[in-house]
Amino acid sequence: MLHSVDFFRDLTFQEREEILSGSRTITYLSNQIIYTPEDRCDSLSIVLKGKLRISKLLPSGQEQIIKHLEKGEVFGEALVFAGRRYASHVVSEEDSEILNIPKEVLLSSFKNQRFLLSYLRSISEKTLNLSGIIEMLSLATVKKKIASYLLELSLEKETHIFKLPCSKKTLANLMGSTREVVSRNFSELQRDGIISMPDRSTVEIRNLKRLEGILFD
């Protein structure tokens, strides 16, 4: 199961088994709360089965979904060494299994330099992605946020044709907007000939200069 997670891939079968021997798997029912902001993070968690949602409860009582996690995705890899509590609620969207690797097991595994470098690389990539999201959120309008998001994806993938890594609903949550508003702005970009979308998840940037120009309007 660990071989599908990026920073465990360089480990031998025996090395992965040693990590598993000190870990535990927990099963959760659909809509069960796994962690809350009252819980201190003391382990790295990997989704083995099912789907989770990361969300915040607003003062009004409404739930703001931040992101979803599916099979093979990891959370808590930086927080586990910060001695901090979870910043959000983690809830099972459906029946799920989570593998928890305690901090002590990770620290012991860091004696393996290959594993340590892979782990640090993964955290660095997530930090860079988070910086990009923060920069995007600082923009004034949803259209500017979408333009920035598409430009970053184009640079990252080194192509003007790419797949969106998440749904428009998830993207709307990241942007602090609604799916309807995000979809409307995507439609306007298509109507103006700036992008085309041959299907729901594929984007082709047709006019890079005009897409960049949206950031300065």
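In helix α5, the residues Thr 170, Leu 171, Ala 172 and Met 175 are buried. Keep in mind as you read that this is a predicted model.

**Helices α5 and α6**

- Helix α5 covers residues 168–175 and helix α6 covers residues 179–191; the two pack with their axes 8 Å apart, at an angle of about 105°.
- Angles of 65 to 115 degrees count as roughly perpendicular, so α5 and α6 are roughly perpendicular to each other.
- On the α5 side, the contact is made by Lys 168, Lys 169, Leu 171, Ala 172 and Met 175, which meet Arg 179, Val 182, Ser 183 and Phe 186 of α6.
- By residue type, this contact of α5 with α6 divides into five nonpolar, three charged and one polar.
- Just after α5 comes Gly 176, whose phi is positive, at about 70°.

**The sheet of β9, β11 and β10**

- Three strands form an open sheet in the order β9-β11-β10, and their pairing is antiparallel.
- Which strands stand at the edges? They are β9 (161–163) and β10 (195–196); each has a single partner strand, so one side of each is left without a neighbour in the sheet.
- Strand β11 (residues 202–205) runs antiparallel to β10, and two bridges join them.
- Ile 195, for instance, has Ile 205 in β11 as its bridge partner.
- Helix α4 (residues 142–157) packs on this sheet and touches β9, β10 and β11, with its direction at about 100° to that of β9.

**Strand β7 and its partners**

- Strand β7 spans residues 89–92; His 89 and Val 91 point one way from the strand, Val 90 and Ser 92 point the other way, and all are buried.
- Strand β2 (residues 33–35) is joined to β7 by two bridges, and the two run antiparallel.
- Within β7, Val 90 is the residue that Tyr 35 stands opposite.
- Strand β4 also runs antiparallel to β7, here with four bridges joining them.
- Val 90 turns up again on this side, as the bridge partner of Ile 54.

- Ser 55 lies in strand β4, which covers residues 51–57.
- Is Ser 55 buried or exposed? With a relative accessible area of 1%, Ser 55 is buried.
- Setting aside neighbours within four places in sequence, Ser 55 is in contact with Glu 63, Gln 64, Ile 65, Ile 66, Ser 88 and His 89.
- Glu 63 belongs to strand β5 (residues 63–70), and its relative accessible area of 36% makes it partly exposed.
- With neighbours within four places in sequence again left out, Glu 63 is in contact with Arg 53, Ser 55, Lys 56 and Leu 57.
- Glu 63 and His 89 are both in contact with Ser 55; their C-alpha atoms are separated by 9.6 Å, and they lie 26 residues apart along the chain.

**Cysteines**

- A disulfide is a covalent bond between the sulfur atoms of two cysteines.
- How many disulfides does the structure hold? The number is zero.
- Cys 41 counts as buried, at 3% relative accessibility.
- Cys 166 is partly exposed, with a relative accessible area of 22%; the cut-off for buried is under 20%.

How values were computed:
Residues numbered from 1 in each chain as written. Predicted model: local features only at pLDDT ≥ 70, side-chain atom pairs only at ≥ 80, totals over all residues. Heavy atoms only, no water. Buried < 20%, exposed > 50% of the residue type's maximum accessible area, 1.4 Å probe, protein only. Contact = heavy atoms within 4.5 Å. Axes fitted to C-alpha atoms, helices over the stretch in contact; angles between N-to-C directions. Parallel < 35°, antiparallel > 145°, perpendicular 65-115°, else oblique. Nonpolar A, V, L, I, M, F, W, Y, C, P; charged D, E, K, R; others polar. Pairing = 2+ DSSP bridges. Disulfide = S-S within 2.5 Å.
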